[in-house]
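Welcome! Here is a short tour of a structure that may be new to you. Take a look, then read on.

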Amino acid sequence: EFSGLDFLRLAAARLEGSGLPAFAIGGIQLANVTEVVRSGIRRVAVSQALWRSQSPEDDAKRFVELLTT
């Protein structure tokens, strides 16, 4: 399991209703972004995933799909 999910759940719970944005940064990949969103965090930084991708445009489109459905 993605090791930071417990932290993300805690952060999402504490920030709920505050109006403050929360971002998950570091280690976000197509393989775990759904779990991150389920934790309550809706914003992610995925620069490393796209930088290392063989198809960054396709992966960016997939991230958008996963984050908006």
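On helix H1, the face turned away from the buried side carries Asp 6, Phe 7 and Arg 14, which are exposed (over 50% relative accessible area; buried is under 20%, partly exposed in between, with a 1.4 Å probe and protein chains only). Helices (H or I, at least four residues) and strands (E, at least two) are DSSP runs, numbered from the N terminus.

This is a predicted model, where local features need pLDDT of at least 70 and side-chain atom pairs pLDDT 80 or more, while totals for chains, interfaces and linings use all residues. Residues are numbered from 1 along each chain as its sequence is written, and side-chain values use heavy atoms, leaving out hydrogens and water.

H1 spans residues 5–15, and its buried residues are Leu 5, Leu 8, Ala 11 and Ala 12. They line one face of the helix because, seen down the axis, they fall within an arc of 120° (taken from the directions from the helix axis to the C-beta atoms).

These buried residues pack against strand S1 (23–25) and helix H2 (33–38), with contact meaning heavy atoms within 4.5 Å. Just after H1 comes Gly 17, with a positive phi of about 80°.

## A charge over a ring

Which residue lies over the face of Phe 23? It is Arg 43, at 5.8 Å from the ring centre. The rule asks for NZ of Lys or CZ of Arg within 6 Å of the ring centre and within 35 degrees of the ring normal.
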